[in-house]
Amino acid sequence: MVREFSAGGVVLRKMRGRWFVAVIEPHMTRPKKSSKPSNRPQKTVAALVALPKGAIDKGEKPDQTALREVSEETGVQANLVTKLADVKYYYVRNWGDRARVFKIVSFYLLLYRSGRLGNIAPEMRIEVQNAYWLPLEDAPTVLSYAGEREVAQRALGYLKAHPELGDHATDTTH
């Protein structure tokens with residue numbers, strides 16, 4: 001069985017007295033180039049809402065991957081606070097060899113430092129359709145994947161156990 005290792009971030013930002021988390025809407029499928037227009041009606045699919053994450057590059061530590069992926073997929077820079085959880089699951093590749101894959105994604109709690117959400121490189125637009133701030137208390141019900149909903153719940157628990165974290169976050173109004 002194939003094994004994959006990824007890392008991602010729960011980027012928190014305090015705005016107007018509330019905590020928000022940076023989320024992305026990944027493209028459901030890679031855009032296909034078609035030489036002729038299709039007469040078939042387009043299916044409307046609810047947008048996926050996910051945390052930024054990606055594959056750990058050779059020589060990279062998981063926390064470094066989380067910071068890199070957050071920057072690439074959202075356009076913001078963040079500071080590492082702590083590791084929240086490892087999410088483990090199986091999936092079957094829907095491309096190439098259709099292999100069954102065991103995947104582990106390490107998620108880290110991060111505090112927003114700078115940058116503008118959605119200010120990403122043009123080549124990343126293939127992967128990320130949209131990025132926005134979601135109220136953290138909504139994340140455990142809005143995120144599309146069960147493992148990520150659990151990670152958001154852990155972030156809420158961490159904030160409750162460490163209220164001093166709010167002292168390190170600049171409360172912004174925009």
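What covers the buried residues of α3? The legends below take up this point after an overview of the predicted model.

**Overview. The predicted model contains three helices and six strands.** Along the sequence these elements follow the pattern β-β-β-α-β-β-β-α-α. The protein has 174 residues, of which 43% count as buried. Among contacts between residues at least 6 apart in sequence, 73% join residues at least 24 apart.

**View 1. Helix α3 and its cover.** Helix α3 spans residues 146–161. From first C-alpha to last, its 16 residues reach 23 Å, close to the 22 Å expected at 1.5 Å a residue. Buried in α3 are E148, V151, A152, A155, L156 and L159. These residues cover an arc of only 145 degrees around the axis, which puts them on the same side of α3. A146, K160 and A161, on the other side of the helix, are exposed. The cover over the buried residues of α3 includes the strands β1 (2–15), β2 (18–26), β3 (53–55), β4 (76–92) and β5 (100–115), and also α2 (139–142).

**View 2. The largest nonpolar core, with 24 residues.** Within this core, V10, L12, V21, L51, L136 and V151 touch the most other members. Two or more residues come from each of β1, β2, β4, β5 and α3. The most come from α3, which gives five residues. Leaving aside residues up to four places away in sequence, L12 touches W19, F20, V21, L109, L110, L111, Y112, L136 and L159. A second, separate core has 20 residues, including M15, I24, V76 and L117. In soluble globular proteins, nonpolar side chains tend to be buried together.

View 3. Helix α1 comprises residues 62–74. Its 13 residues reach 18 Å from the first C-alpha to the last, close to the 18 Å expected at 1.5 Å a residue. T65, A66, E69, V70, E73 and T74 are the buried residues of α1. Viewed down the helix axis, they fall within an arc of 130 degrees, so they line one face of α1. These buried residues pack against β1, β2, β3, β4, β5 and β6.

**View 4. Aromatic pairs, of which the structure holds four.** A pair of aromatic rings is described by the distance of the centres and the angle of the planes. For Y89 and Y91, the ring centres are 6.4 Å apart and the planes lie at 45 degrees, so the pair is tilted. Y89 has 31% relative accessibility and therefore counts as partly exposed. Together with W95, Y89 and Y91 form one aromatic cluster. Another of the pairs, Y112 with W133, is edge-to-face, with 5.8 Å from centre to centre and 80 degrees between the planes. Y112 belongs to strand β5 and W133 to strand β6 (residues 128–135), so this pair ties together parts that are 21 residues apart in sequence. W133 is buried, at a relative accessible area of 18%.

Note on methods:
Residues numbered from 1 in each chain as written. Predicted model: local features only at pLDDT ≥ 70, side-chain atom pairs only at ≥ 80, totals over all residues. Heavy atoms only, no water. Helix = DSSP H or I, 4+ residues; strand = E, 2+ residues; numbered from the N terminus. Expected span 1.5 Å × (residues − 1). Buried < 20%, exposed > 50% of the residue type's maximum accessible area, 1.4 Å probe, protein only. Arc of directions from axis to C-beta. Contact = heavy atoms within 4.5 Å. Core = buried A, V, L, I, M, F, W, Y, C linked by side-chain atoms within 4.5 Å. Phe/Tyr/Trp six-rings, centres within 6.5 Å; stacked < 30°, edge-to-face > 60°.
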